[in-house]
Amino acid sequence: MVTADVVLDALGNRTRRAIMDELADGPVAVGALADRLPVSRPAVSQHLRVLKDAELVVESVAGTRRLYRINQSGLRIVHDYFDRFWETTLDNFAILAATDAGKGTGDESTATRSATTKQ
């Protein structure tokens with residue numbers, strides 16, 4: 001099974017992210033990708049190999065062409081990885097909100113409290 005480290009390393013390259021962007025609309029052949037990107041066809045093939053090893057893309061054969069498309073299950077690894085941080089952030093926000101709610105109604109501003117204390 002591919003780990004989040006492998007997937008994130010694969011996505012760490014700008015050209016590979018550009019390939020993923022190109023594949024977002026559907027399957028694309030290597031030659032078409034090479035025409036759209038500022039790299040050679042062999043370079044595109046090498047980047048696709050990395051993305052395939054990271055399970056981010058899958059290939060299919062259509063006649064003499066190999067078509068590549070995004071592998072949704074590979075993206076799930078990245079989604080789950082970042083979801084973990086999002087859940088922690090939401091939990092921390094809930095704790096802070098509960099703490100603030102326990103301090104009072106929050107209707108008084110800090111400036112009002114300071115002015116009242118000085119008198």
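What follows is a set of questions and answers about this chain.

Trainee: What kind of model is this, and how are its residues numbered?
Mentor: This is a predicted model, in which local features need pLDDT of at least 70 and side-chain atom pairs count only at pLDDT 80 or more, while totals for chains, interfaces and linings use all residues. Side-chain values use heavy atoms, with hydrogens and water left out, and residues are numbered from 1 along each chain as its sequence is written.

Trainee: In what order do the elements of the chain run?
Mentor: Helices (H or I, at least four residues) and strands (E, at least two) are DSSP runs, numbered from the N terminus. The chain has six helices and three strands. From the N terminus on, the order is α-α-β-α-α-β-β-α-α.

Trainee: What share of the residues in the chain is buried?
Mentor: Buried means under 20% relative accessible area, exposed means over 50%, and partly exposed lies in between (1.4 Å probe, protein chains only). Of the 119 residues in the chain, the buried ones make up 26%.

Trainee: Which residues of helix α1 are buried, and which exposed residues does the face turned away from them carry?
Mentor: Helix α1 spans residues 4-11, and its buried residues are Ala4, Val7, Ala10 and Leu11. They cover an arc of only 130° around the axis, so they sit on the same side of α1; the arc is that of the directions from the helix axis to the C-beta atoms. The face turned away from this buried side carries Asp5 and Asp9.

Trainee: Which helices are included in what covers the buried residues of α1?
Mentor: Contact here means heavy atoms within 4.5 Å. The cover over the buried residues of α1 includes α2, α4 and α5.

Trainee: How do α1 and α5 pack, and which residues make the contact?
Mentor: Axes are lines fitted to C-alpha atoms, for helices over the stretch in contact, and angles run from 0 to 180 degrees between N-to-C directions. The axes of α1 and α5 are 9 Å apart, at an angle of about 105°, and the two helices are therefore roughly perpendicular (65 to 115 degrees; under 35 is roughly parallel, over 145 roughly antiparallel and the rest oblique). The contact is made by Ala4, Val7, Leu8 and Leu11 of α1 and Gly74, Ile77, Val78, Tyr81 and Phe82 of α5.

Trainee: How do the residues of that contact of α1 with α5 divide into nonpolar, polar and charged?
Mentor: Ala, Val, Leu, Ile, Met, Phe, Trp, Tyr, Cys and Pro count as nonpolar, Asp, Glu, Lys and Arg as charged, and the others, Gly among them, as polar. By that scheme, the contact of α1 with α5 has eight nonpolar, one polar and no charged.

Trainee: At what angle do α2 and α4 cross, and which residues make their contact?
Mentor: The axes of α2 (residues 14-23) and α4 (residues 41-53) come within 10 Å and cross at roughly 80°. These helices are therefore roughly perpendicular to each other. The contact is made by Thr15, Arg16, Ile19 and Met20 of α2 and Val44, His47, Leu48, Val50 and Leu51 of α4.

Trainee: Is Leu37 buried or exposed, and which residues does Leu37 touch?
Mentor: Leu37 is found in the loop between α3 (30-36) and α4, and counts as buried because its relative accessibility is 12%. Leu37 and Ile19 are 18 residues apart in sequence and 8.0 Å apart in space, C-alpha to C-alpha. Not counting residues up to four places away in sequence, Leu37 touches Ala18, Ile19, Glu22 and Val44.

Trainee: Which residues do ring pairs link into a cluster?
Mentor: Rings of Phe, Tyr and Trp (its six-membered ring) pair if their centres lie within 6.5 Å, with planes under 30 degrees apart counted as stacked, over 60 as edge-to-face and the rest as tilted. Tyr81 and Phe82 pair edge-to-face, 5.1 Å centre to centre with 85° between the planes. The rings of Tyr81 and Phe85 have centres 5.2 Å apart and planes at 75°, so this pair is edge-to-face. The cluster linked by ring pairs is Tyr81, Phe82 and Phe85.

Trainee: What is phi of Glu55 near?
Mentor: Glu55 lies in the loop between α4 and β2 (57-62). Most residues other than glycine have a negative phi. Phi of Glu55 has a positive value, near 60°.
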